[in-house]
Amino acid sequence: MTDEKGLLLGGEPQPHKPRISLLRKLIASALLAFFILHLTYKLFRDAPSESHVSLSNEMTPDVQFDSYSLILKGQRVFLHSGEFHTWRLPVPSLWPDILEKAKAAGLNAISIYTHMGLQNPAPGVVDFDGFRALKPLYEAAMAAGLWVVVRPGPYINAETSAGGIAHWITTEVSGRLRTNDSDWTASWQQYVKAIAEETAPYQIHRGGPVIAVQIDNEYTQRVEGHGEYYEELMKAFREAGIVVPLTYNDPNQGENFINGTGAVDLYGLDSYPQRFDCSHPDVWRSVYTTYHDYHMRVNPSQPWYIPEFQAGSFDAWGPTAPGYEMCAELTGPDFQSVFNLQLWASNAKMINYYMFYGGTSWGALPFPYVYTSYDYGAPLTESRALTSKYDELKLQGLFIRSSPVFYKTDWVADSLSDPAWASVVNSNKDVFVTLLRNPDEGTQFYIARQNDSTSTATVSFKLTIPALDTESGEVTLPVIAPGITLGGRQSKVIVTDYKFGAHSRMAWTTASIAFAGVIGGRDIILLHGDATQHHEVAMEFSGTPNPWLQSHQDSLLRRATVGMGTVVHFLPGIDGLVSVYDSDTQLVLFADSKTAATFWAPALASDGPFGAFWGIGTNESVLVGGPYLVRDAELEEGGKRLALSGDLKEAVRLTLVLPPSVRSVTWNGEDLGGSDLAASSVATGVFEIELAPRAALVAVDVPALEGWRYRDSLPEIMEDFDDAGWVVADRTETNVPEKMWYGDGRVLYGCDYGFCENVVLWRGHFNATGAEKSVNLSINGGQAFAASVWLNDVFLNTSYGNSTNNMNIIEETDDKFMFPEGALRPGDNVITIVQDNMGLNETEGDDADTSKNPRGVRGFALEGGEFEDWKVQGKVGGYMGFPDKTRGIFNEGGLFGERRGWHLPGFDTSSWEQRDLSEGLVDSRAGVGFFVTTFTLNVEEYLDVHMAFRFEDPLGAPYRALLFVNGWMMGKRVGNLGPQAKFPVPPGILDYRGENTVAVALWAMQDERVSPRLQLIVDGIFDSALGPVYTDNPPWKGEGRAM
């Protein structure tokens, strides 16, 4: 680990302790408490400015915090984190890809939700196999050098069904969810204990990456039973071995769980300033300006923590839904510049961006508001591709990583709190300035944006700063340049008195800092700025200059000498990298921001368990410009060879800033040539080499989806169908608060019979007398649901729910279905309902029981008759006995083909009819049919190819299609609502070097032809250092499939 001066210290993780007797436990506990108090006293007795030092419940000295920031292993840390839900990428061998991209962006942490519904699918069952595992993630985080904040709920929100609460709980628990009611408490105990026991060995003090655990999610304290519930959760985590701080995320400035019953160790506030409608991405809400005052009022002794800050938005069902490209635009680089830096201005030193990578809400994961894609408009797309948002986040992240002096700042003033100060400091009233100052070093950070944060105007201003030394007075910046420019929705950090590297000092910069550090014994700084604007830096140059330094853009630099050193004015028009100063002790570089975004600063890990963690195990790096992605860098052969690994999208000019010891460079194991390196120097220690992909990246062909086999999947409407094995729906009581509207006392809610997920089928029997004319059905499936109804084999109609985006929200229908003449038959008649369950609602307001939803038939009345038996069938086995343990409880529903396993690889369809998917169902009738085909891929191992399935037919057709890829339900296409037509599928689900099975369950909702057209497409091709990706796609087995 390191001390606050950045010096590497020794230290090993504590070993796992064996079981000991009670007496020895008591003695050990006493000794440990004494040791912790003694160590804490030693660490902080000489730190007078640390006036608010806290231990995390006095349980581990490895995680501490004061009023400024976290302190991990004695080192002050700005927690800069991204949200990643592993279960939305159900391929564990791809998780390192996301983590490596987070680390490359300058982040030092990830935040994860665990999902109770997936990991605790039934009472007494907790499952950490496959994609539900935690240990592979923790180990990947250790390898990448990323801290982990674990957020296990049990309630997580996250736009997932029931907010992550296990579905069985919503029907079996009569008490209030998320309170201290006894049966709710009993229901979550096993899950929390299991999560804690999986996590405890990976806490920081035991050599792991876990530094905090969040309690539940976005709740209120003032309702009876809520605080007590939090107390019970905290007790459970502590008793199961969690010693790191327990945290909380307030959904608004509600002062919840800071003090009183249920108060956590560390409070945080979630923030989504643009909310969740991306329809008008150029229309902004203003920044929040109250955060600093709120923080200082409610928890000033703690660091200012934002557990969720908006990095995108979810998108809703509906034909007018904007789609995730517009969400990415709404929260794009301009938003990141203005709103992320406004968080910095509030003195936040713990920030987690929600989401860094969104992924896919496959199967039944979504709650009813959202569709399959959870792309979120995040910095990484659903396909794992980098975006312009990633570039901006990386520039911000590398600045934070390079600037430990920024981790501890006092908030001094801003334009709102002190207008008189602002009028002296800032020359333009249209510009809003906040000043942060490091109390130890005196470094100042002026964070500037437009006063109207939504403005797209271009403004210029000057900044008057205090004297930087005893010999000079106030300085008005810039000195040479005409002014500091804000180009519309843009923020800047003007830094003064900034020390970097080992010995260098910068008086000021109006350019942004992309990197600062030491490489090969020299102090290195990379500045950047908008190519259309003026920028200025003043600093003390040192060392013996390189006499051979020349730049073709010298004409765009103006220099002057002042008392604080040399002032360099960067004129508009700079394109590319410029060497400003090159000596044996310093290298000063400037680039336009677009070029700067192509640079990477991979950490050079040291030995030891925390060797990959920046500031703890290493402060060493190199600079690499040009590639699409740099994943890793390592010095080999005693520092003579630099081994780089990463991804290429195209041929690039590789720019390297290296230690002088390096004689050769490899890229993904290929030698780039030592002699080429020596001949490519453009400045001391700066080299340029041409780097090309290993093969033409346009050479990946994907097959057309042909050779479809077809079979009807709705035998339930046929006269000879036997439902004797189905569940009799005869319950007369339910724990769901919303009771039946009408009927005969029987409750027809799917969850009450173990069928909460995906499609559920109902069959209501009656003996016809001839007097029956119609049936009234009230059907509840959640927003955007549908339910089709048959009398015997005669289609009656479909009830349609609706979506949120066009604001005509329908989650329940009440329709009358008339019986056509001749539809009744003598004796037994059957009403068959095919109902799509869109998931369970999240907590609404203070009432968590809003996740107990009446999904199913909420009212039934047969005109002129009475129903006898009602039968219900969902996925095979329900939540107690579903057969596919690999893909889990959320993957399948109750369609006949699903119950038989037709969607699984290896099911024999050779006897099925040959019929193309585009032909739709036979006779263009309403119903359900399965289409299955196979295809083979043969993708080179060094390629990361992003693929997706895309429906080519236009929006509006009345059908639903469930897309299964190698048995995994990777998409739900709702043809009449949309908006989603493209469904990315990652490697690991797709077998890139083998046979693949794709199945489409096509549900035609009217008696008319529907003609889906499906293609497999390539979204991106990369020559990649992505490691091996493993498939886990178990084939069909007949056991338990005959329902």
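Tyr-353 is buried, at 3% relative accessible area. Buried here means under 20% relative accessible area, exposed over 50%, partly exposed in between, with a 1.4 Å probe and protein chains only. This is a predicted model: local features need pLDDT of at least 70, side-chain atom pairs count only at pLDDT 80 or more, and totals for chains, interfaces and linings use all residues. Residues are numbered from 1 along each chain as its sequence is written, and side-chain values use heavy atoms, without hydrogens and water.

Where does Tyr-353 lie? In strand β12. Strands are DSSP runs of E, at least two residues; helices are runs of H or I, at least four; both are numbered from the N terminus.

Its side chain makes a polar contact of 3.1 Å with the side chain of His-80. That term means N or O atoms within 3.5 Å; within protein, one must be able to donate a hydrogen and the other to accept it, and residues adjacent in sequence count only if both atoms are side-chain atoms.

Now the cores. A nonpolar core is a set of buried Ala, Val, Leu, Ile, Met, Phe, Trp, Tyr and Cys residues joined through side-chain atoms within 4.5 Å. The largest has 260 residues; Trp-344 and Phe-949 are among those touching the most other members. Strand β12, residues 348-357, gives the most to this core: eight residues. Another core, of 26 residues, lies apart from it and includes Leu-714 and Phe-896.

Last, Gln-302. It sits in the loop between α8 and β11. Gln-302 counts as buried because its relative accessibility is 11%. Its side chain reaches the backbone oxygen of Asp-265 at 2.9 Å.
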